[in-house]
Amino acid sequence: MLRTRRAFILSAMMLALLAPLTAARAESSSDPRVADIVRAGKIRVGLHLPQFVKDPATGEIKGSGTGAVIVQIAQAFADSIGVRLELVGNPSPPALIECLKAGGCDVGFLGYVPGRTGDVGYTPPHIMVPFTFMVRPGSTIRSVTDVDKAGTRIAAVKSHASTITLGRIIKQAETLTVEIPDEAFELIRSGRADAWASPRPPLLEYAPKLAGARVLDDRYGENLQALAVAKNQTARLAYASEWVEAAKASGLIQRAIERAGERGIEVAPPEVLTGTTPTR
């Protein structure tokens, strides 16, 4: 009798915990803007390298780097519609765009680049990877505005988005381009460079290797990640855009970042596409 009562209580507790989730899924699944995805029973979410790695034995796709955050967000998005998540790996951003245009991907996680808006529709950005500087021990540089001075030498990895952005704003300092991050760090370590321009995550990884090195708090630019859909999928874009804003406001995106353990990634602030001067 006691065991039966305990089982009844446990069942009641589980139903109470699952009820809000079930209700949310049912409500979202009835939204006509995603009716085609509901009918399919799955949502095909496109990723591109290096957001994922593929298990050579099973073919299973798993998030890597920022992708560890992205895959969690993709699962939550699928849950909001009430369908199964299917990850679709693509070798590059252009390949992902083609997947969206051809209908092989329902949505994709893509860096926000204004030049791509002719091919895809973007939701508001959900995560941001700031571009900033690591400076040498004892440096007097305290903010990004202190860097662009005559005589300052900046290490940067050739052709990276952070380096391209740097080139648009640096007028007086000298930029020393290298092929890989290890070479940029060696320029800082050896004293041949005063600062290293890069996305924040790798700077946070390298900084402990040089006692006294600091990563600046502010930023000179950013890499923005957003959900993208085919240009003609306006209803789907509206649904996804509303969902992204709600996910940011509820703390879902922040929790995904924390669970992934990816330092240096931030929730994209509301003003990030308005032209406001970057500060953090």
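This is a short tour of a predicted model, moving from a loop serine to a helix and then to aromatic rings.

Start by selecting Ser143, in the loop that runs between strand S7 (127-135) and strand S8 (153-157). Its relative accessible area is 18%, so Ser143 counts as buried, the cut-off being under 20%. Show side chains here: those of Ser143 and Thr145 are joined by a polar contact of 2.8 Å. Leaving aside residues up to four places away in sequence, Ser143 touches Leu216 and Asp218.

Next, select helix H6 (residues 181-190), where Ala184, Phe185, Leu187 and Ile188 are buried. Look down the axis of H6: the buried residues fall within an arc of 155 degrees, so they line one face of the helix. Their cover includes S7, S8, strand S9 (174-178), strand S10 (195-199) and helix H7 (200-206). Just after H6, stop at Gly191, which has a positive phi of about 85 degrees.

Now turn to the rings; the whole structure holds 7 aromatic pairs. One of them is Tyr112 with Tyr122, a tilted pair at 4.7 Å centre to centre and 55 degrees between the planes. Tyr112 is in the loop between strand S5 (107-111) and strand S6 (120-122), and Tyr122 is in strand S6, so the pair ties together parts 10 residues apart in sequence. Tyr112 is partly exposed at 25% relative accessibility, whereas Tyr122 is buried at 12%.

Then select Phe133 and Tyr220, a tilted pair with ring centres 4.9 Å apart and planes at 35 degrees. Phe133 is buried at 1% relative accessibility, and Tyr220 is buried at 8%.

Finish at Lys209, whose charged end sits over the ring of Tyr206, 4.5 Å from the ring centre.

Terms used
Residues numbered from 1 in each chain as written. Predicted model: local features only at pLDDT ≥ 70, side-chain atom pairs only at ≥ 80, totals over all residues. Heavy atoms only, no water. Helix = DSSP H or I, 4+ residues; strand = E, 2+ residues; numbered from the N terminus. Buried < 20%, exposed > 50% of the residue type's maximum accessible area, 1.4 Å probe, protein only. Polar contact = N/O pair within 3.5 Å; in protein donor to acceptor, adjacent residues only side chain to side chain. Contact = heavy atoms within 4.5 Å. Arc of directions from axis to C-beta. Phe/Tyr/Trp six-rings, centres within 6.5 Å; stacked < 30°, edge-to-face > 60°. Lys NZ or Arg CZ within 6 Å of the ring centre and 35° of its normal.
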